[in-house]
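Visitor: I am new to this structure. Please show me how to read its features, one at a time.

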Amino acid sequence: MIAALFPGQGSQEIGMGKALYEGSEAAREALERAEATLPGLLKLMWEGPEDELRLTANQQPALLAVGYAAFQAYLEAGGAPPSFAAGHSLGEWTAHVAAGTLSLEDGLRLVRKRGEYMQEAVPVGKGAMAAVLKMPAQTIQELTAGIEGVEIANYNSPEQTVISGTAEGVAQASERLKEHRARVVPLPVSAPFHSSLMRPARDRLHHDLFQVELREPRFPVFSNVLAQPEHRPGMIRELLLEQITHSVRWVEILQHLKAQGATRFLEFGSGRVLTGLVGRTLEGVEAKSLTTPQEIAESV
């Protein structure tokens with residue numbers, strides 16, 4: 001069984017999607033639809049500047065557009081439809097567009113607003129995130145439990161967990177974790193994503209998301225909040241909102257995908273982050289990144 005994976009923020013790069021545009025008619029059509037929806041998106045993806053592409057409100061629609069384009073190129077090449085799909089944070093939105101829950105145009109407009117609202121939820125410098133390596137998530141939870149203003153944002157792999165919150169809270173937690181021999185790496189992000197500080201963004205997106213039609217997905221899409229698939233459009237809407245302030249349960253998602261029979265994990269879009277996380281989390285499965293027509297052709 002095939003699990004389609006779609007990456008989140010941090011996987012963007014200048015030139016993303018250009019090979020797909022040039023080498024696949026289906027991808028080109030998808031990217032031209034994205035450009036028609038958000039004019040200037042392709043130029044930003046292919047030429048930068050990098051600082052502008054890195055802005056949350058820009059990289060979210062860019063990643064969604066390229067992930068969807070890669071998926072369309074894969075189907076065009078004769079790739080078997082996935083049995084399941086999952087996306088890391090923003091990637092969950094891409095997975096729903098690929099599954100037909102949302103139209104590409106609605107998805108792009110919504111994640112542009114999602115990015116804007118997330119950026120504006122907390123003043124720059126007031127929030128922070130850090131990756132904690134070489135320490136089990138349970139130990140991280142125990143050591144940070146009494147520290148105000150810090151939460152678990154991402155359970156990325158058995159040895160990589162991300163904390164998020166106020167700058168003071170993350171700094172205090174980082175020092176305590178280092179004292180217990182964890183390796184802590186501050187992340188170059190502009191806001192404390194997947195923490196309760198993102199509640200203003202969730203509240204603002206509520207109105208926009210409820211103006212858009214959602215349909216039942218063509219294949220199961222795993223929720224970051226539940227670490228399980230959800231097919232009811234009304235519940236999907238609520239989960240996409242809750243996801244903004246909730247931890248990304250990626251380790252559990254991968255484990256549940258394997259338990260349900262997934263043996264091939266194909267990452268669609270830009271970068272290879274999720275392919276690496278599969279390798280560090282699961283044994284006995286195949287994981288591939290599909291970012292170019294050549295990689296797609298070799299996978300079919």
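**Reading the pocket, the cores and the backbone**

Guide: About 760 Å³ of space lies in the largest pocket. This is a predicted model: local features need pLDDT of at least 70, side-chain atom pairs count only at pLDDT 80 or more, and totals for chains, interfaces and linings use all residues. Residues are numbered from 1 along each chain as its sequence is written, and side-chain values use heavy atoms, with hydrogens and water left out.

Visitor: How is a pocket found, and which residues are closest to the centre of the largest one?

Guide: Rolling a probe the size of a water molecule over the atoms shows where empty space is left. The search runs on a 1 Å grid over the protein atoms alone; a pocket is an open set of points with protein on both sides within 12 Å along at least five of seven lines, a cavity is a set where a 1.4 Å probe fits but cannot get out, and lining residues have an atom within 4 Å of a point. Points are joined across faces, edges and corners, and a volume is the space filled by probe spheres set on them. Here 34 residues line the largest pocket, and Q9, G10, Q59, L187 and V189 are the closest to its centre.

Visitor: Which helix gives the most to that lining?

Guide: Helix 13, with four residues. Helices (H or I, at least four residues) and strands (E, at least two) are DSSP runs, numbered from the N terminus. Helix 13 spans residues 273-281 and holds R280. R280 touches S157, P158 and Q160, leaving out residues up to four places away in sequence (contact means heavy atoms within 4.5 Å).

Visitor: What about the largest cavity: which residues line it?

Guide: E92, H96, V221, S223, E230, I236 and L239. Its space is about 30 Å³. Helix 6 (90-98) and helix 11 (233-242) each supply at least two of the lining residues.

Visitor: How do I read a nonpolar core, and which residues touch the most other members of the largest one?

Guide: In soluble globular proteins, nonpolar side chains tend to be buried together. A core is a set of buried Ala, Val, Leu, Ile, Met, Phe, Trp, Tyr and Cys residues joined through side-chain atoms within 4.5 Å. Buried means under 20% relative accessible area, exposed over 50%, partly exposed in between (1.4 Å probe, protein chains only). The largest core has 64 residues, and F6, M45, W93 and F268 touch the most other members. Helix 5 (residues 56-76) gives this core its largest share, eleven residues. A second, separate core has 18 residues, including A128 and V170.

Visitor: Is H194 buried or exposed?

Guide: H194 is buried, at 3% relative accessible area. Its place is the loop between strand 6 (183-186) and helix 10 (199-209). The H194 side chain makes a polar contact with the side chain of S89, at 2.6 Å. Such a contact is a pair of N or O atoms within 3.5 Å; within protein, one must be able to donate a hydrogen and the other to accept it, and residues adjacent in sequence count only if both atoms are side-chain atoms. The backbone oxygen of Q243 lies 2.9 Å from a polar atom of the H194 side chain.

Visitor: Which peptide bond is cis, and what phi does R181 have?

Guide: Most residues other than glycine have a negative phi, and most peptide bonds are trans. The bond from G48 to P49 is cis, with omega near 10 degrees. R181 has a positive phi of about 75 degrees, and R181 is exposed, at 79%. A227 also has a positive phi, about 60 degrees, but A227 is buried, at 0%.
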